[in-house]
Amino acid sequence: MNELLQFFSSQQIDMPVLIFLLIFSEGTALFYTLIFKGLFEVNIRPKYLFFITHPLLVGIAFLVRPGWSLLVVALLFASIFLMGIIGMVISIFRSRNDNKETNKRFNDKYQTPKKEKFKSSLLSIGILGFVGLGFWLYAEGRLSLMLLIIPLIFILDSILFPTSRTRFYKLQAILPTSKMNAVAMGLVEVAGDLIEIEPLISPHFQTPCIGYSIRIEERRRDSDGNTTWSKIFSERKTGTFRIKDETGSITVNGDGLDYYIERIDREVESGDKRYYETYLKNDDYLLLIGNAISNNGETLIQKDDHHGVFGVAFPHEVAIKNKFTPLYKSFFTTLFFITLIIIYIIIS
């Protein structure tokens with residue numbers, strides 16, 4: 001330290017060099033102002049504070065010992081990087097705290113079910129395990145076994161873990177559409193206009209409806225600046241309503257009702273989030289599959305616990321799906337096995 005002071009003390013600073021150092025100190029003042037306002041978020045009063053203090057420090061140092069004015073400028077310049085690093089760290093922590101507050105308010109309004117979080121975690125673990133299996137087979141020189149494992153996984157998944165949508169359309173294809181005045185007890189399919197009994201209010205757009213389905217997506221950017229949207233929350237909620245045709249009407253307990261509807265009634269982008277809401281509305285003409293039971297002498301349709309199927313869809317969308325699904329299955333099955341053959345040829 002003494003050697004450093006001796007070095008700067010021995011420097012000869014004349015008037016032209018002093019003027020240059022004073023101008024240079026104004027440059028450091030500019031950076032200080034930007035760092036304190038932008039990173040530290042400090043409201044500087046007066047705004048030109050550093051533009052006065054920095055040249056003043058250089059001038060005082062010059063009066064004490066001319067060479068020290070160069071030392072002050074060097075320290076001011078070096079401190080720019082130090083203050084910048086400190087400011088960035090503080091800014092990051094502040095941003096995280098702000099995000100925590102934002103996420104807390106979001107989670108207070110939209111509670112993500114633990115079941116969905118568990119499924120998401122399980123899916124991530126499964127994907128990592130599958131990738132790890134691929135690397136292990138490659139290291140063992142048995143990567144060709146993936147040609148047997150991949151189709152086996154898809155087959156077991158479709159057999160052991162069919163989705164509610166798959167079960168809905170499978171049952172829809174074999175169940176006859178019953179008239180309201182001739183509904184038998186058990187699993188039934190009916191079609192008719194919805195009648196509102198007690199309206200619900202949707203969580204984001206505050207829209208009165210029989211039921212709603214909300215999906216919230218969040219914008220995420222990768223290191224290359226590309227933007228993707230990921231679902232962070234979804235919820236469906238339906239109240240009690242009636243469904244009618246020309247023969248009569250039946251009450252439906254909407255608890256647990258799934259929506260197989262492509263329609264989006266309202267959507268909006270706000271900041272880094274997008275909100276979508278779909279409604280069941282009065283006079284919507286829908287096809288419904290559920291379990292019919294007798295409730296105090298009246299027929300009530302509710303969720304079927306045995307088959308796990310309770311959903312609604314627009315009849316015209318069901319007709320289109322029934323028409324094109326066999327073609328899709330045939331095309332993708334053929335494409336799937338052609339791809340496996342090509343992969344086998346490449347790795348062999």
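Helices H2 (residues 15-38) and H3 (residues 49-64) meet with their axes within 8 Å, crossing at roughly 145°. The axes are lines fitted to C-alpha atoms over the stretch in contact, with angles running from 0 to 180 degrees between N-to-C directions. This is a predicted model, in which local features need pLDDT of at least 70 and side-chain atom pairs count only at pLDDT 80 or more, while totals for chains, interfaces and linings use all residues. Residues are numbered from 1 along each chain as its sequence is written, and side-chain values use heavy atoms, with hydrogens and water left out.

**The H2 and H3 pair**
- The crossing of H2 and H3 is right-handed, a term for the near helix being turned clockwise from the far one by less than a right angle.
- On the H2 side, the contact (heavy atoms within 4.5 Å) includes Leu18, Leu22, Ala29 and Phe36.
- On the H3 side, Phe50, His54, Val58 and Phe62 are among the residues taking part.
- By class, 12 nonpolar, 5 polar and 1 charged residues make up the contact of H2 with H3; here Ala, Val, Leu, Ile, Met, Phe, Trp, Tyr, Cys and Pro count as nonpolar, Asp, Glu, Lys and Arg as charged, and the others, Gly among them, as polar.

**The chain as a whole**
- The protein chain has 8 helices and 14 strands, taken as DSSP runs (H or I, at least four residues, for helices; E, at least two, for strands) and numbered from the N terminus.
- Of its 348 residues, 32% count as buried, meaning under 20% relative accessible area with a 1.4 Å probe and protein chains only; exposed means over 50%, and partly exposed lies in between.
- Among contacts in the protein chain with a separation of 6 or more, 64% come from residues 24 or more positions apart.
- The accessible surface comes to about 22600 Å², and 62% of that belongs to carbon and sulfur atoms; the areas come from the Shrake-Rupley method with a 1.4 Å probe.

**Nonpolar cores**
- The largest nonpolar core has 21 residues, and Leu257, Leu280, Leu288, Ile301 and Val312 have the most contacts inside it. Such a core is a set of buried Ala, Val, Leu, Ile, Met, Phe, Trp, Tyr and Cys residues joined through side-chain atoms within 4.5 Å.
- Strands E2 (186-196), E7 (241-245), E8 (248-252) and E12 (285-295) each give two or more residues to this core.
- A second, separate core of 10 residues includes Phe168, Leu287, Val309 and Val318.

- Glycine 67, in helix H4 (residues 66-109), is buried, with a relative accessible area of 0%.
- Leaving aside neighbours within four places in sequence, glycine 67 is in contact with Phe8, Gln11 and Ile13.
- The C-alpha atoms of glycine 67 and serine 10 are 6.4 Å apart, although 57 residues separate the two along the chain.
- Aspartate 258, in strand E9 (residues 258-259), counts as buried at 12% relative accessibility.
- Beyond four places in sequence, aspartate 258 touches Ser164, Arg236, Phe310, Gly311 and Val312.

**Positive phi in loops**
- Aspartate 283, in the loop between strand E11 (273-280) and E12, has phi near 75° and is exposed at 53% relative accessibility.
- Asparagine 296, in the loop between E12 and strand E13 (298-302), has phi near 55° and is exposed at 77% relative accessibility.
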